Amino acid sequence: MRSLTVKLTLAFLLIGLTGAVMVAFLVRRSTQRQFDRFVLDQNQQTLVSNLIQYYQANRSWTGVETVFRTGQNSPPTQNQGPPSGPGRSLFILTDPSGQVVFGGDPKNHEQKLIPAELKKGTPLEVDGTTVGWLIFAPALDQWRPGTPEGDFLSGVNRAIYLSAVAATLIALILGGILAYTLTRSLRELTAATKLLAKGELGHQVKVRSRDELGALAASFNQMSSELEHSNELRRKMTADIAHDLRTPLSVIMGYTEALSDSKLEPTPEIFQVMHTETVHLNHLVNNLKTLSLAESGELPLVRQPISPDELLKRLANAYRVQAEGKNIALKMDVALDLPQIEVDVERMAQVLNNLISNALRYTPEGGQITLTAEAANGGVRLLVADNGSGIAAEDLPFIFERSFRGDKARSLLNGETGLGLAIAKSLVEAQGGKITVESELGKGTRFTINFSA
């Protein structure tokens, strides 16, 4: 039996059946006891009075059977006849010492009750002396069919049994419906995962509830969408890299073929072009390797403590001449007494190099680039902000994706591969940081790197 629907249905059936049986048993017992108590309340006082009168008249309990109504399980009345047939009575009559005079177990003619049992009964007193005890002692099968009381209890028990059966059937039906409803989402998810395994990325399932199964379906849909998006990015990156590789390779191949066919004379200029294209190829391969290692968590890092001020000064000095050449102000704003950050200095320099070089590329003459270090949430925050052309709002969500190239104000087509910001993000996250970007067209861009304490 492998079906979860069947298992859940049987589980609900078992729970419903167990509950119905327990309720039926408890209700039957309670009804029996309450009915016996009702009979006792209705007849005990009359019977006590009759028994006292009998003892006063006879001065003993001999022949007391005549006081009780004829019949084994009927309640007593004032007009009794001799009992008919063996069996237990609703009442037990004892003498003062506890010796049973009437009732009790018919097989035990010398039955004697202990004082604790006598205290549960009603004392029979004549002239201030206890002459006996009357004890109410019904049995579960006391009321026989054919008597009004027996018929009443039989009808109640029949209603209880029918209710238990109906409750069990309802539990079976509702359990089956609930089990089918619960497992429907699981069946849909199972079918969707099989489609996903066959390569149908992006397949979505219907979210049918807001419970754990609904959350699972929503998570699957998100995962499927992200897989489709990642696969699309991978195809796009592959196409972009193939294009980037083809250009320098075509240049190198064209020159080598021309040189081998003696169509061109080898000159320093030709070798310089070939060398430049080779360096470009090597840069592209290194970027791909760095990105792959960073995303897989296998990038070797040499962490060491460094002050944010020292890190930013190093980068500012490296780009100061280039900034002055473009008439761009390169400023620093570093808070005092900042804690050191433990990072791979060279990798962080690579990240900041990318951010500053992009800022220089897209900041117009007369603009400004600000490098900031400040305390934030017990850690350190580094910022690279410019007042350049900015990034379009629709491009911001994708700015850190591999091979993303905006075709508008912040296009990365100028000899770039589109991997720089993706590498920067991977390097920052590999060192326990987080990088974000804020930008507005025509007003500038601000990249933020947060390192927690």
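These questions and answers walk through a predicted model of one chain.

Residues are numbered from 1 along each chain as its sequence is written, and side-chain values use heavy atoms, with hydrogens and water left out. In this predicted model, local features need pLDDT of at least 70 and side-chain atom pairs count only at pLDDT 80 or more, while totals for chains, interfaces and linings use all residues.

User: How many helices and strands are there in the chain?
Analyst: Let's start with the overview. Helices (H or I, at least four residues) and strands (E, at least two) are DSSP runs, numbered from the N terminus. On that basis, the chain has eight helices and eleven strands.

User: What percentage of the residues count as buried?
Analyst: Buried means under 20% relative accessible area, exposed over 50%, and partly exposed in between, using a 1.4 Å probe and protein chains only. The chain has 453 residues, and the buried share is 39%.

User: Is Ile173 buried or exposed?
Analyst: Ile173 lies in helix H3, which covers residues 148–197. Its relative accessible area is 53%, so Ile173 is exposed.

User: In what order do the four strands of the open sheet lie?
Analyst: Two strands pair if DSSP finds at least two bridges between them. Here the pairing is antiparallel, and E3 joins strand E4 (residues 129–136) over five bridges. The edge strands, each pairing on one side only, are E2 (100–102) and E3 (122–126). The order is E2-E1-E4-E3.

User: Which residue in E4 stands opposite Thr122?
Analyst: Good one to find on the structure! Look at strand E4, residues 129–136. The residue opposite Thr122 is Leu134.

User: Which are the edge strands of the open sheet of five strands?
Analyst: This sheet has mixed pairing and the order E6-E8-E9-E11-E10. Within it, E9 (residues 379–386) and E11 (residues 444–451) run antiparallel, joined by seven bridges. Each edge strand pairs on one side only, and they are E6 (329–334) and E10 (433–440).

User: At about what angle does helix H7 run to E11?
Analyst: Axes are lines fitted to C-alpha atoms, for helices over the stretch in contact (heavy atoms within 4.5 Å). Angles run from 0 to 180 degrees between N-to-C directions. Helix H7 (residues 345–362) lies across E8 (368–376), E9, E10 and E11, and its angle to E11 is about 170°.

User: Which strands does helix H8 lie across?
Analyst: Helix H8 covers residues 420–430 and runs at about 140° to E10. The strands that H8 lies across are E10 and E11.
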